[in-house]
Amino acid sequence: MTDHPNIAVFQRAMAAFAAGDMEALAEVFHPDVVWHNPGRSSLAGEYHGREAVFAAFQKEFQLSGGTYRPQLHDVLANDQHTVALLHVTASREGKELDMDYVIVFHIRDGRITEGWALWSDQKAYDEFWS
């Protein structure tokens, strides 16, 4: 059995994100992408458009002093959804983030059109960024 093509899209996005390669990341994010990040932290919100989404990603790196490190556990995909199971670590102002999370994607024509981040402990996630 071969992997669904949306897994390759996600893997390209993950590699570009980890490398900080915004040009490569732009190739897999639709210009009108919508990103949903729940909670009450300074990162919470619904971001519309690639520039707004990338600015939110950049803010994660800035606030964590570049220590934000996602690690992929697994990725599953079909024609409607791509689901990535991840773990992240980061440090900020004496606080540590060490948490599992999930991102659910919609991918169309080889580009991410929408994403939802779901944190295993939303309260702890919000406190880390506060």
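The structure holds one salt bridge. A salt bridge here is a side-chain nitrogen of Lys or Arg within 4 Å of a carboxyl oxygen of Asp or Glu. The side chains of Glu93 and Arg92 form this contact, at 3.8 Å from N to O. Glu93 is exposed, with a relative accessible area of 65%. Arg92 is buried, at 9%. Buried means under 20% relative accessible area, exposed means over 50%, and partly exposed lies in between (1.4 Å probe, protein chains only).

The model is predicted: local features need pLDDT of at least 70, side-chain atom pairs count only at pLDDT 80 or more, and totals for chains, interfaces and linings use all residues. Residues are numbered from 1 along each chain as its sequence is written, and side-chain values use heavy atoms, with hydrogens and water left out.

The largest nonpolar core has 36 residues. Such a core is a set of buried Ala, Val, Leu, Ile, Met, Phe, Trp, Tyr and Cys residues joined through side-chain atoms within 4.5 Å. Leu25, Phe29, Tyr68 and Leu97 have the most contacts inside this core. At least two core residues come from each of α1 (5-19), α2 (22-28), β1, α3, β4, β5, β6 and α4. Helices (H or I, at least four residues) and strands (E, at least two) are DSSP runs, numbered from the N terminus. Helix α1 gives the most to the core, with seven residues. In soluble globular proteins, nonpolar side chains tend to be buried together.

Phe29 is buried, at 3% relative accessibility. Contact means heavy atoms within 4.5 Å. Beyond its neighbours within four places in sequence, Phe29 is in contact with Ala13, Trp35, Arg50, Val53, Phe54, Phe57, Arg111 and Ile112. Ile112 is also the bridge partner of Phe29 in β6. Four bridges join β1 to β6, and these strands run parallel. Two strands pair if DSSP finds at least two bridges between them.

The structure holds 16 aromatic pairs. One of them joins Phe29 and Phe54: the ring centres are 5.5 Å apart and the planes stand at 75°, so the pair is edge-to-face. This pair links distant parts of the chain, with Phe29 in strand β1 and Phe54 in helix α3, 25 residues apart. Rings of Phe, Tyr and Trp (its six-membered ring) pair if their centres lie within 6.5 Å; planes under 30 degrees apart count as stacked, over 60 as edge-to-face and the rest as tilted. Phe54 is buried too, with a relative accessible area of 12%.

Strands β5 and β6 run antiparallel and are joined by eight bridges. Phe105 stands opposite Gly115 in β6. The hairpin of β5 and β6 has two residues between the strands, and Asp109 there takes a positive phi near 55°. Gly110 is found in the loop between these strands. Gly110 is partly exposed, at 28% relative accessibility. Leaving out residues up to four places away in sequence, Gly110 touches Val9, Arg12 and Val28.

In helix α4 (residues 122-129), the buried residues are Tyr125, Asp126, Phe128 and Trp129. Seen down the helix axis, they fall within an arc of 160°, so they line one face of α4. The arc is that of the directions from the helix axis to the C-beta atoms. Their cover includes β1 (29-37), α3 (50-63), β4 (82-92), β5 (95-108) and β6 (111-119). Ser41, in the loop between β1 and β2 (45-48), touches Tyr125, Asp126 and Trp129, not counting residues up to four places away in sequence. Ser41 is buried, with a relative accessible area of 8%.
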